[in-house]
Amino acid sequence: MTGTFISLEGVDGSGKSTQAVMLADALRDRGHEVMHVREPGGTPLGEAVRDVVLGPDAMTPWAEAFLFAAARAQLVADVIGPAIDAGTWVVADRFLDSSLAYQGAARGLGIDRVAAVNGPGIGDCMPDLTIILDIPPGAATDRRAGRGSVDRIEGEGEALQESVAEGYREVARRYPDRVHLVSAEGTLDEVHARVMATVVGTL
Ligand code: Z5A
């Protein structure tokens with residue numbers, strides 16, 4: 001029996017990380033073995049890439065896209081793939097669709113071209129379900145306020161986040177069987193209830 005792979009996506013501050021933890025806990029309560037991963041990260045290489053790609057040094061959009069793709073390839077090979085093969089449920093805080101929305105759409109590299117670069121490293125290890133937490137970027141900015149440190153991409157401001165939000169909507173239009181937009185507005189419990197309803201209703 002193979003496991004089930006769910007990814008959570010959204011603009012920075014949409015509440016993905018919080019909802020990923022709540023989803024993983026809820027699935028464990030239902031008796032599933034659950035692994036929770038985040039991108040970029042989850043392997044020694046991925047954590048090193050995270051430091052570089054979110055650090056202060058400027059890089060070209062393609063350099064950025066390749067770094068995220070490299071971290072993802074290692075995470076699939078070392079962590080997600082083996083977990084799925086062992087029957088574990090995987091909840092990922094970001095996966096391929098982050099690259100499609102940020103680098104493909106917002107950076108203008110093209111969704112198809114960024115998907116093609118990632119393809120060899122991912123193979124057939126795609127999420128069974130992707131939930132995009134949909135929130136007006138301004139509201140996400142308010143949630144992030146007071147959190148302290150700002151990474152390089154987040155520091156580029158509201159205009160980038162608006163383009164990313166539109167990129168996610170395009171991703172949802174392209175892959176309607178896999179990708180579902182869920183409103184991230186309201187309380188933590190209200191959003192969690194919507195996430196669970198989507199999981200139960202689609203898997
Ligand atoms: N990136 C990329 O460009 N391409 C890629 O392929 C990948 C990533 C994989 C990763 O940053 C950056 O890399 C990210 C995209 C880019 N950059 N940007 N911009 P990260 O991993 O450090 O952070 P993040 O993934 O962007 O998100 P985050 O900072 O962890 O935020 P979040 O996960 O969306 O939200 P949160 O941490 O769960 O919640 C934020 C705050 O809001 C927190 O204080 C919560 O308590 C609060 N919150 C959450 N939900 C609610 C509700 N419902 N009501 C009120 N308050 C709430």
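Predicted model: local features only at pLDDT ≥ 70, side-chain atom pairs only at ≥ 80, totals over all residues.

**A walk around the ligand and its loops**

A: Happy to! Although Arg-94 is not a glycine, its phi is positive, at about 85 degrees. Both features are worth a look because most residues other than glycine have a negative phi, and most peptide bonds are trans.

Now to the ligand itself. There are 27 residues around the ligand, and those that come nearest are Asp-12, Ser-17, Thr-18, Ser-99 and Arg-147. Sorted by class, this shell has 11 polar, 10 charged and 6 nonpolar residues.

Some of the contacts can be followed atom by atom. In the side chain of Thr-18, an N or O atom is 2.5 Å from an oxygen atom of the ligand. Ser-99 also brings a polar side-chain atom to an oxygen atom of the ligand, at 2.6 Å. With Gly-186 the backbone takes part: one of its N or O atoms lies 2.9 Å from a nitrogen atom of the ligand. On its own the ligand has 1,100 Å² of accessible area, and the protein covers 82% of that. The space that the ligand takes is the largest pocket. Helix H1 (16-29), helix H3 (61-85) and helix H4 (96-106) are the elements that give two or more residues to the shell. Of the elements, H4 gives the most, with 4 residues.

Finally, let us return to Asp-12, one of the residues that come nearest to the ligand. Its side chain meets that of Arg-144 in a salt bridge, with 3.4 Å from N to O. Asp-12 lies in the loop between strand E1 (5-10) and H1, while Arg-144 belongs to helix H6 (residues 137-144), so the pair ties together parts that are 132 residues apart in sequence. Across the whole structure, a search finds 15 salt bridges.

Technical notes
Residues numbered from 1 in each chain as written. Heavy atoms only, no water. Near = heavy atom within 4 Å. Polar contact = N/O pair within 3.5 Å; in protein donor to acceptor, adjacent residues only side chain to side chain. Areas by Shrake-Rupley, 256 points an atom, 1.4 Å probe, with all protein chains shown as cover. 1 Å grid on protein atoms, 1.4 Å probe; cavity = no way out; pocket = protein on both sides within 12 Å on 5 of 7 lines; lining within 4 Å. Sits in = over half its atoms within 2 Å of the grid points. Nonpolar A, V, L, I, M, F, W, Y, C, P; charged D, E, K, R; others polar. Salt bridge = Lys/Arg side-chain N within 4 Å of Asp/Glu carboxyl O.
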